[in-house]
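Below are some comments on the model you sent. They are set out as numbered points, each of which can be read alone.

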Amino acid sequence: MRYGYACINKTLRSKNIFTSRTCKLAKFSNSDGEKHVLNLALQNVKDLNTILDWNIQNNFNFFRISSSILPWYKLVQKYYKNVDELVIPILEQLKLAGEKIINNNIRVSFHADPYIRLASKNPNVVSTSIENLEMLGWIFDVMGLDRSKFYKINLHVGLKYNPYDATLFIKHFKYLSNSVTSRLTLENDDSINMWNVSKLYNDICSKINVPIVYDHFHNTLAPDTLYSTFSDIYNNYIIPTWNNITPVIHYSSSKKIWENNFFKRTAHADGIWDFDYNFWKEFNVDVMFESKDKELSILRLKTNGVLQ
């Protein structure tokens, strides 16, 4: 079982090491805007390598890379596509990161932004969604990572449940390249009027061979309507969609229950307070912890003997 954290390493963030630098469009529009954006991207990918080095030194073998690592990609993609001399250092850093990932058997992933909606009825939203997903697939390709669900690109349907939206999702899914479809996964939502696990499986995932990423906290907020135990969900929905690749689950604690009752019920806690290792070890899964304290919460679990 792998344990991972998402995007930000808080130990290093205090030293200004992070991977989501960007700028406002006004800054981009300046005469040197494109060079500035590419310089931000270079800083991001250099810091990705620093974070990977820290993960290796501290025995973290699962990490979610920020989907914002290449800012304003659409507006500067001509440089990437033409392998302009301005992007060669960026590509070299991405390849270096890929080598570290492969050589140290690290599992990495992306989580697409909330505005990525393949099931949208708006052609502009669909076009933007496809462009964004293709960027993420392209990054993994540059890094030299297999086109496999082991390196997943995860997203939500992003809309209220409607069987017709499944039809649209499947239609637009077919516009994606193999770079994306070979890595794409879908996650259950945290609202009862959106997409729970059984809806994802029956309407989309079973039809186009897309694995389900089970989010445990989301399932407590919007429980599956057909199966009440994780064992049943695991055997009926998760295993059939992952095709012999270790499934990923997301785990977080409720901030409202464990830390501050004034927060909304969907808020993620800073720490992980209710993870039962003895329960989850019975399943072949890798766990992405979505706590706000990132790697620090996992280190606390290890120190307290919760994780082995």
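1. Is I101 buried or exposed? The model is a predicted one, and in it I101 has a relative accessibility of 0%, so this residue counts as buried, the cut-off being under 20%. I101 is placed in helix 5, which covers residues 88–103. Setting aside residues up to four places away in sequence, I101 touches L52, I106, V108, M143, L145 and Y151. As for V287, which is 186 residues from I101 along the chain, the two C-alpha atoms are 18 Å apart.

2. The largest nonpolar core has 96 residues. Those with the most contacts inside this core are L70, Y80, I90, M143, F169 and F289. Helix 3 (residues 33–57) gives the most to the core, contributing 10 residues. For I90, the contacts beyond four places in sequence are L38, A41, L42, V45, L70 and Y80.

3. R183 deserves a separate look. R183 is found in the loop that runs between helix 8 (178–181) and strand 5 (184–187). Its relative accessible area is 0%, so R183 is buried despite being an arginine in a loop. The side chain of R183 makes a polar contact of 2.9 Å with the side chain of D141. When neighbours within four places in sequence are left aside, R183 is in contact with G137, F140, D141, L145, D146, R147, S148, K149, Y151, K152 and I153.

4. With F150, Y151 forms one of the 27 aromatic pairs in the structure. This pair is edge-to-face, with 5.0 Å centre to centre and 85 degrees between the planes. Y151 counts as buried at 9% relative accessibility, and F150 counts as buried at 18%.

5. Which strands do Y251 and F289 lie in? Y251 belongs to strand 7 (residues 248–251) and F289 to strand 8 (residues 286–289), so their pair ties together parts that are 38 residues apart in sequence. The rings are edge-to-face, at 6.2 Å centre to centre with 75 degrees between the planes. Both Y251 and F289 are buried. The two also belong to one aromatic cluster, whose other members are Y3, Y214, F230, Y234, F275, F279, W280 and F283.

6. Strand 8 pairs with two strands, among them strand 7, in the parallel sense over four bridges. V248 has D286 of strand 8 as its bridge partner. Strand 1 (residues 3–6) also runs parallel to strand 8, and two bridges join them; G4 stands opposite M288 of strand 8. In a regular strand the side chains alternate between the two faces of the sheet. Strand 8 is covered on both faces: D286 and M288 on one side are buried, as are V287 and F289 on the other.

7. Strand 6 (residues 212–215) is likewise covered on both faces. I212 and Y214 are on one side, V213 and D215 are on the other, and all are buried. Strand 6 pairs with strand 5 in the parallel sense over two bridges, and E187 stands opposite V213 of strand 6.

8. Two cases of a charge over a ring can be inspected. The charged end of R21 sits over the ring of F18, 4.2 Å from its centre. K302 lies over the face of F60, and the distance to the ring centre is 4.6 Å.

9. Two asparagines have a positive phi. For N59, phi is near 60 degrees; this residue is placed in the loop between helix 3 and strand 2 (62–64). At 63% relative accessibility N59 counts as exposed, because the cut-off is over 50%. For N243, phi is near 50 degrees, and the residue is in the loop between helix 11 (230–242) and strand 7. N243 has a relative accessible area of 43%, so it is partly exposed.

Methods
Residues numbered from 1 in each chain as written. Predicted model: local features only at pLDDT ≥ 70, side-chain atom pairs only at ≥ 80, totals over all residues. Heavy atoms only, no water. Buried < 20%, exposed > 50% of the residue type's maximum accessible area, 1.4 Å probe, protein only. Polar contact = N/O pair within 3.5 Å; in protein donor to acceptor, adjacent residues only side chain to side chain. Contact = heavy atoms within 4.5 Å. Phe/Tyr/Trp six-rings, centres within 6.5 Å; stacked < 30°, edge-to-face > 60°. Lys NZ or Arg CZ within 6 Å of the ring centre and 35° of its normal. Core = buried A, V, L, I, M, F, W, Y, C linked by side-chain atoms within 4.5 Å. Pairing = 2+ DSSP bridges.
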